[in-house]
Amino acid sequence: MHCVRPVLCLLGALAACGAVGFLGCCVYFDRKRRGDPAFRRRLRDSECDRGGEAAGRSEAKNEKLQELLQEVQTGELWLSRGEHRLGVEHLSNALVVCGQPQELLKVFQHTLPPKVFEMLFTKFRICQISTYLTFLNEPC
């Protein structure tokens, strides 16, 4: 029983030395990698590429959001004038543009009169089906 303690101490010391050695290797190879001129060039190039892509995605999102808001405003305007058919047309366009149409449908369900919401829901389903059929008919 008394010989177990030195073995545990030896194992603990070996584990500590292994961990220090591993961290030392990590630091050594990281410094070697960062000191390489090709690494810095590749890093700079990839940062430039990512910056351009991010700006393009952000711009596309802003355009999509503007289109969504414009369609909702136009739809509300037509509904306020009593033109339900034109209002539903624009609100269904907003649903098609929207990234999460189910959430927007829930909002419309609570804010629109039941008859108008039913028209909108039917129109949206028709748009979804026609989009799906168009996708199926595209050549590979």
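**View 1. Asp 30, a partly exposed residue of the predicted model.** Asp 30 has a relative accessible area of 28% and is therefore partly exposed, a class lying between buried (under 20% relative accessible area) and exposed (over 50%), as computed with a 1.4 Å probe on protein chains only. The model is predicted, so that local features need pLDDT of at least 70 and side-chain atom pairs count only at pLDDT 80 or more, whereas totals for chains, interfaces and linings use all residues. Residues are numbered from 1 along each chain as its sequence is written, and side-chain values use heavy atoms, with hydrogens and water left out.

**View 2. The salt bridge of Asp 30 with Arg 33**. The closest N and O atoms of this pair are 2.6 Å apart, a salt bridge being a side-chain nitrogen of Lys or Arg within 4 Å of a carboxyl oxygen of Asp or Glu. Both residues belong to helix 1 (residues 4–35), where a spacing of three residues separates them by about one helical turn; helices are DSSP runs (H or I, at least four residues) numbered from the N terminus. Arg 33 is partly exposed, at 38% relative accessibility.

**View 3. The salt bridge of Arg 34 with Asp 30**. Here the closest N and O atoms lie 3.1 Å apart, and the two residues, four apart in helix 1, are spaced by about one turn of the helix. Arg 34 is partly exposed, with a relative accessible area of 48%.

**View 4. The salt bridge of Lys 106 with Glu 103**. In this pair the closest N and O atoms are 3.9 Å apart, and Glu 103 is partly exposed, with a relative accessible area of 43%.
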